[in-house]
Amino acid sequence: MRDDAPVRHEHHVFHNPPPSTPDEVRAALDRGDLSAALDAMVGTALYGDGDWRELQELHLRLLEHDDRQVSALAATCLGHLARVHRQLDERRVVAALRRARALPHVTGTAANALEDIEVFLHPRRARMRGRMWRAIRPWTWF
């Protein structure tokens, strides 16, 4: 790169999407509006509106969606549901997220969702695990 060449970068602006319903997610996907579908997915998970079981089922189905962005975001949304509702069908969700970790595009978001589930559904266990980790790996204290 030349010294006088302009440096180009793109600014990404974060925004919280508005509250949404599972029907809005499905409608956006049906019409092929990926951006609206992704916003609606987050909107269903962040605001705690609706039945957590219905939202859980929606995101479990979307975890297997053909579009990589949809399936990766579905994992994130399952973690959000654990935080917002403090309940899930943990056995099913954890099993699905563990299977999803095998997909390269979902590995990171599934791992993060599994951590969220542990932190928000089992806070004592998560704290104990953190203490053990710091005791075993003292150089991480810095």
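The axes of α3 (residues 52–62) and α5 (residues 90–100) come within 11 Å and cross at roughly 20 degrees, the axes being lines fitted to C-alpha atoms over the stretch in contact, with angles from 0 to 180 degrees between N-to-C directions. That makes α3 roughly parallel to α5, a term for angles under 35 degrees. Helices here are DSSP runs of H or I with at least four residues, numbered from the N terminus.

I noted that this is a predicted model, in which local features need pLDDT of at least 70 and side-chain atom pairs count only at pLDDT 80 or more, while totals for chains, interfaces and linings use all residues. Residues are numbered from 1 along each chain as its sequence is written, and side-chain values use heavy atoms, with hydrogens and water left out.

I then listed the residues that make the contact (heavy atoms within 4.5 Å): α3 gives Q56, E57 and L60, and α5 gives R92, V93 and A96.

I next looked up α4 and α6 (residues 107–121), whose axes come within 8 Å and cross at roughly 5 degrees. That makes α4 roughly parallel to α6. Among the residues in contact are A72, A75 and G79 of α4 and A113, I117 and F120 of α6.

Methods. Helices (H or I, at least four residues) and strands (E, at least two) are DSSP runs, numbered from the N terminus. Angles under 35 degrees count as roughly parallel, over 145 as roughly antiparallel, 65 to 115 as roughly perpendicular and the rest as oblique.
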